[in-house]
Amino acid sequence: MPTVKDKVVIVTGASEGIGRALAMQLSAAGARLMLAARNRERLEELANQLPGEAEVCPCDVAQPEQCQQLVHQTLAHFGRLDILINNAGITMWSRFDDLEDLGVFERLMRVNYLGAVYLTHAALPALKHSRGSVVAVASIAGLTGVPCRSGYAASKHAMVGFFDSLRIELKDQGVDVTLICPDFVVSQTHKRAMGADGHPLGQTPMQESKIMTAERCAQLCLTAISRRERLLITSLRGKLGRWLRLLAPGFIDALADRAIRQRR
């Protein structure tokens with residue numbers, strides 16, 4: 001049975017949501033963690049709750065030099081890196097024709113896509129040495145269009161394309177790439193979703209009682225990461241949608257529209 005026991009793992013976006021839940025499950029499974037996010041206080045609070053070894057490194061993945069420092073600090077403390085989990089991300093909630101601040105698109109691309117590119121580039125030499133793995137937490141919005149989240153979907157499509165390409169490049173070097181595409185998950189990220197004016201909404205637009213918990217999502221992620229799987233889609237509609245998009249694209253458009261209207 002594949003295991004993450006004693007593996008050195010970087011988790012970005014570890015202060016809340018999927019990242020926090022995944023850090024807790026990785027630690028319980030025996031992994032040695034470097035926790036990264038922008039908020040040091042929340043990272044330290046999490047590290048103090050974990051049963052296993054955990055260090056913290058405040059990091060804004062949109063800044064290449066901070067990504068390099070994160071990898072440097074990990075190697076300095078643990079001596080190696082086995083798994084990189086690119087989980088940090090931000091989102092939006094606005095129709096494109098209502099958008100007042102096009103800077104929303106740039107911020108989404110810098111964090112969701114380029115942040116993963118920067119950090120993966122910094123970590124790759126260490127991952128090649130350990131014959132480790134790269135994990136990219138994308139979204140089912142990276143596999144199909146989603147109304148009111150056009151910039152988010154674009155950034156996640158870019159992420160999927162990049163890591164699918166990277167997988168092929170690394171196939172003979174012992175480094176595996178796992179793409180994770182969650183459906184809607186309960187997270188504080190939704191409250192900070194950028195609206196039409198570029199400012200955070202302040203409250204979640206989702207019906208949180210109707211969507212997957214971060215803890216359940218993390219359980220599924222942990223299995224996929226341990227097995228170094230190629231792709232994890234966490235919902236039935238996501239799995240069906242991947243194939244129906246080829247056979248009945250209009251139906252998938254309607255399904256995505258209904259999901260947003262129902263906030264679930």
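Salt bridges in a predicted model

Colleague: At what N to O distance do the side chains of Arg107 and Asp101 meet in a salt bridge?

Modeller: A salt bridge here is a side-chain nitrogen of Lys or Arg within 4 Å of a carboxyl oxygen of Asp or Glu. This is a predicted model, in which local features need pLDDT of at least 70 and side-chain atom pairs count only at pLDDT 80 or more, while totals for chains, interfaces and linings use all residues. Residues are numbered from 1 along each chain as its sequence is written, and side-chain values use heavy atoms, with hydrogens and water left out. The side chains of Arg107 and Asp101 form such a pair, with an N to O distance of 3.4 Å.

Colleague: Which helix holds both Arg261 and Asp257?

Modeller: The side chains of Arg261 and Asp257 meet in a salt bridge at 2.9 Å, N to O. Helices are DSSP runs (H or I, at least four residues), numbered from the N terminus. Because Arg261 and Asp257 are 4 residues apart, about one helical turn separates them, and the element that holds them, residues 249–262, is helix α8.

Colleague: How many salt bridges does the count come to?

Modeller: Among them are the pair of Arg95 with Asp97 and that of Arg261 with Asp257. By the rule stated above, the count of salt bridges comes to 13.

Key: Helix = DSSP H or I, 4+ residues; strand = E, 2+ residues; numbered from the N terminus.
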